[in-house]
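Please look at the sequence and the model first; the notes below then proceed by topic.

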Amino acid sequence: MCKTDLKFMALAAGRTPHFTTIADFSSGNCDEMTSLFHKVLMICCQSGLVGKEHFAIDGCKLPSDASKEWSGKHKDLKKKSDKMKTSAQKIIDKHLANDSDKDPNSGDKRRELQTIDTLLKNADKIDEFLKNNEVKMGKGRRPSEVNSNITDNDSTKMTTSKGTIQGYNCQTAADELHQVVIYAEAVGVGSDQSALKPMIEGIRKNLSADVLDGGVLVTADTGYSSVINMENLYAEGINSVVPDNQFRQRDERIAGSETYQKHKELRKKTRNDKLKSDATAIPSSEFFVDIDAKTCVCPNGKQMMFQGDHFKGTRGNHIRFRGKISDCQSCPMQSRCMKKPIKDQGRQVSFYADYIETDSCLKLINKRIDSEQGRKDYGRRMWTIEPVLWKHNQQ
Ligand code: SF4
C-alpha cells in the first residue's frame, strides 16, 4: 500500500516500512490510536458524515500471526508436552544403547541431538505457558474451557468459509449515511453472539449515551441472534432487527424459492451437519404450557407428565414435562417431534419459569422481523456494513 496507494504514501512520507514496523507502531500506541480514531470520528460527525439513523454491526474473521498447531485445552497441551519429552527420551535411550558403535560426529547423531534439543525446548515452552496462564473460558451461557494458544493467547481458533484459522473476530459498527466506522473491536471469540452487547456499548461510548434512543435502528445478521440478546435489546427499547436463523423459512417469498432450497442443501453438505439438521425436533414454543397450573399439552393434544419445577438453568429455574411413552409410541407426529427414534421414554420439554415474559418478547421481536417494514430495515444492513468489510473478506 505504501508503494501504490497515494493516501498511504503520503502518511508514510514516501517511505516503505516493513509490515512488522507498522504492526509494532500500532500495537505500541493503542491509547493514542483510540484517541485519534475518536477525534476523526468527531470531525466526521461535525461535517455531517454521520447520519445517526441506522447502525449496522458485523464482523470478519482474520488470521493472526499465531500458529493453530500451538492451540489446545490445558490438558491437551500438557499431553503434547509429555509426548515431546517421551519422544526425546526415546532418542536418548537409543543413543545410550548404541553409544559404543557410533561416531559421535556422524551426521545422523548430530541430527538426532538437534531433534532432542528442539523437542525439549518446545516441551519447556508449553510447560512455561501452562504455569503462567489460567485456563481460558468461553463466553457462552454455560462457559466451558476453550482452546488456549501458546504463541498468541488472545487469539482463537475459528472456522471460516476458507477453513480453520487462528486469529481474531473483528467486530465493526458502521453508520448508514457514509459507512463511517463508529466502533471496532478485535475479539478472540469466534461466535458473534457475545459481541452484540459490547458493540452497542461501543457505539454509545463513541457517540453519546442516548444515541440509540428515539427509534434509531440497529441491524445485525442472524449470527448475533440469541434469546439473551433479544431480551436485552427488548429491555433497552432499542429499535433493532437481528433475525433468528428461522426467519427465511418463515418468509413465504423465500422459503418456496428454488435458489433458497438449493443453497440450504449446499450449506448442509459443506457444514457436514446433515444428520443434525435433519433431526430437528418440534420446538417447545409449539407446546401449550400453563406454568401456574403446572400442565402442558403437546402438539398432538396429549396431556404431558409434570416432572418438577426445580431444574436449574443459567436464566433461572425451569419446569419440565415428559410425554407418556404410550402416547409418543403411537403418535403420528413422533418422527417430527423427537430428534431420535423413540426408545424407553417419551418427548421431554422444559420451559423457564419466566417463559411467558420471554415468549411474548420473542414473539414481538419476530413479528417486527417478519413485517414488511422489518424486512425493509434488514435490507439496509447489507449496504451499510458489507462495503466496510468487503476488502477484509476478500483476503
Ligand atoms: S411424540 Fe409425544 S409429545 Fe410429541 S406430539 Fe407425539 S405424543 Fe406429543
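The shell around the ligand comprises seven nonpolar, four polar and three charged residues; here Ala, Val, Leu, Ile, Met, Phe, Trp, Tyr, Cys and Pro count as nonpolar, Asp, Glu, Lys and Arg as charged, and the others, Gly among them, as polar. The model is predicted: local features need pLDDT of at least 70 and side-chain atom pairs count only at pLDDT 80 or more, while totals for chains, interfaces and linings use all residues. Residues are numbered from 1 along each chain as its sequence is written.

**Ligand shell**
- The ligand is surrounded by 14 residues, the closest being Cys298, Gly323, Cys328, Cys331 and Cys337 (a residue is near if its C-beta atom, placed from the backbone, lies within 6 Å).
- At least two shell residues come from each of α12 (325-329) and α13 (334-337).

**Overall fold**
- The protein chain contains 15 helices and 13 strands, which are DSSP runs numbered from the N terminus (helices: H or I, at least four residues; strands: E, at least two).
- Of its 395 residues, 20% count as buried, meaning that 20 or more other C-beta atoms, placed from the backbone, lie within 10 Å of the residue's own.

**Helix α4**
- Leu77, Ser81, Met84 and Ala88 of α4 are buried.
- An α-helix has 3.6 residues a turn, so residues three or four places apart point the same way.

**Asn229**
- Asn229 lies in helix α7 (residues 227-235).
- Asn229 counts as buried because it has 21 C-beta neighbours inside 10 Å.
- Asn229 and Leu196 are 33 residues apart in sequence, yet their C-alpha atoms are 7.3 Å apart.

Definitions and conventions:
A residue is buried if 20 or more other C-beta atoms lie within 10 Å of its own, exposed if 12 or fewer, and partly exposed in between; C-beta atoms are placed from the backbone.
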